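Hi,

Here is the structure I promised to pass on.

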Amino acid sequence: MDIASFFPARATEREISECYEVSTAAFSADFPGRPVPSCAAFAEQLRMPTSLLGTQRFWVARAHGRIVGMVTLTLPDRENLQLTITSVRVALGDRRRGIGTALLRATLPDARTVGRVVVTGQGLKVGGDGEKWASSLGFGKVQEFVLQSLTVPDVDPDLWRVTAPAGFRTEQWTGAAPQGLVAGYARARTAIMDAPTGESSLRFPDWTVDRVRQHEADLRERGEEQRIVVAVHERTGTVAGLTEMVISSARPTVGYQQETAVLPAFRGHGLGRFIKARQMQWLTAERPEIDWVATNTAADNAHMIRVNHQVGYRTDATVADVEAQIDTLEAH
Ligand SMILES: CC(C)(COP(=O)(O)OP(=O)(O)OC[C@H]1O[C@@H](n2cnc3c(N)ncnc32)[C@H](O)[C@@H]1OP(=O)(O)O)[C@@H](O)C(=O)NCCC(=O)NCCS
């Protein structure tokens, strides 16, 4: 078995397709029934120089003349500068041979060199191989999430005909917040800080107007379409809440439901359900090719989970985020 750095931009089609096999087989084993990207979409995403979270570096493991494992080291570069987001995948038939551990080990010197002290693993299926592997290496579970998804053709659109709570209207845009709303919108986004974060070290962005504009630019640069619906309190003009949907050009039939937040003063009026329902009405009217929408919600965020069920999401699986100090991993 050989571990080597991997550069997707220079990789052959065969190498990309071997990475695709490893990645999608591991994913489907943990999450049967969840759609996987096409190989072309996977390749397009892999070849992008950065992810939305930061720069990425890759290593692969080769055995029997092909790629049998890969690791992605993501180095967040806007916030969370002390940690990495590290994702390891090993082919089902090559597990328990030390490959996953060797791939993780390969990332640690680079992580240290750029000042990272914590390694984070995200979305490990609770009770799956990944969680058992991580715990044997000294990672601790810091938070659980539920994966929820909405299969558009299976959902009755009546679920999205929700009457506006009295005194509120919606505004919506793609790509860039209107100048007149951006300050209020940024302030509404700060309400995400109240979402449960368990023991996780990951911090949400500090949503100033500048950070909002940077996020919009990052999405544009990656060919991702951002669709925002906000609730506006009509008497005061306050942006009371927002919900964000992102569509990647590499996977145009999938919607990623991202942050939803309502300012504390406006909670308890049904705004969360209202704006998420509006988002689905707008999305399905303008983007009929989208047939599947996915979201993650903290497992203890009962209110958001219930709202998602009300607009047609079902819960597919429970996953964990794990963290370890690099010192702990190296000592191991
Ligand atoms: C997690 C994963 C990368 C591990 O790869 P691997 O090559 O099998 O891991 P290793 O051989 O290095 O395992 C090292 C140790 O972890 C523990 N371990 C790994 N898988 C285990 C399992 N299914 N049950 C119990 N312990 C396990 C064992 O102690 C193992 O040592 P041992 O085989 O000598 O007993 C692989 O299972 C995988 O791809 N899972 C799906 C993706 C995922 O969840 N990744 C998590 C990190 S983001």
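This is a predicted model: local features need pLDDT of at least 70, side-chain atom pairs count only at pLDDT 80 or more; totals for chains, interfaces and linings use all residues.

Residues are numbered from 1 along each chain as its sequence is written, and side-chain values use heavy atoms, with hydrogens and water left out.

Let me start with the domains. The protein is divided into domain 1 (2–116) and domain 2 (149–316), with bounds that come from an automatic or database domain assignment. Their centres, taken over C-alpha atoms, are 29 Å apart. Domain 1 gives 17 residues to the contact and domain 2 gives 19, where contact means heavy atoms within 4.5 Å. Between them the two domains bury about 1,600 Å², 50% of it on carbon and sulfur atoms; buried area is the accessible area (1.4 Å probe) that two parts lose on being put together, summed over both. On the domain 1 side, R34, L52 and R78 lose the most area to domain 2, together 36% of what that side buries.

Now the salt bridges (a side-chain nitrogen of Lys or Arg within 4 Å of a carboxyl oxygen of Asp or Glu). The count comes to 27, and three salt bridges lie between domain 1 and domain 2. R34 also forms a salt bridge with D316, at 3.1 Å from N to O. Another pair is R267 and D194, at 2.8 Å from N to O. R267 sits in the loop between β10 (254–262) and α7 (271–286), and D194 in the loop between α5 and α6, 73 residues apart. Helices (H or I, at least four residues) and strands (E, at least two) are DSSP runs, numbered from the N terminus.

What about α5 and α6 themselves: which residues make their contact? From α5 they are V182, A183, Y185, A186 and R189, and from α6 they are V209, V212, R213, H215 and E216.

Best wishes
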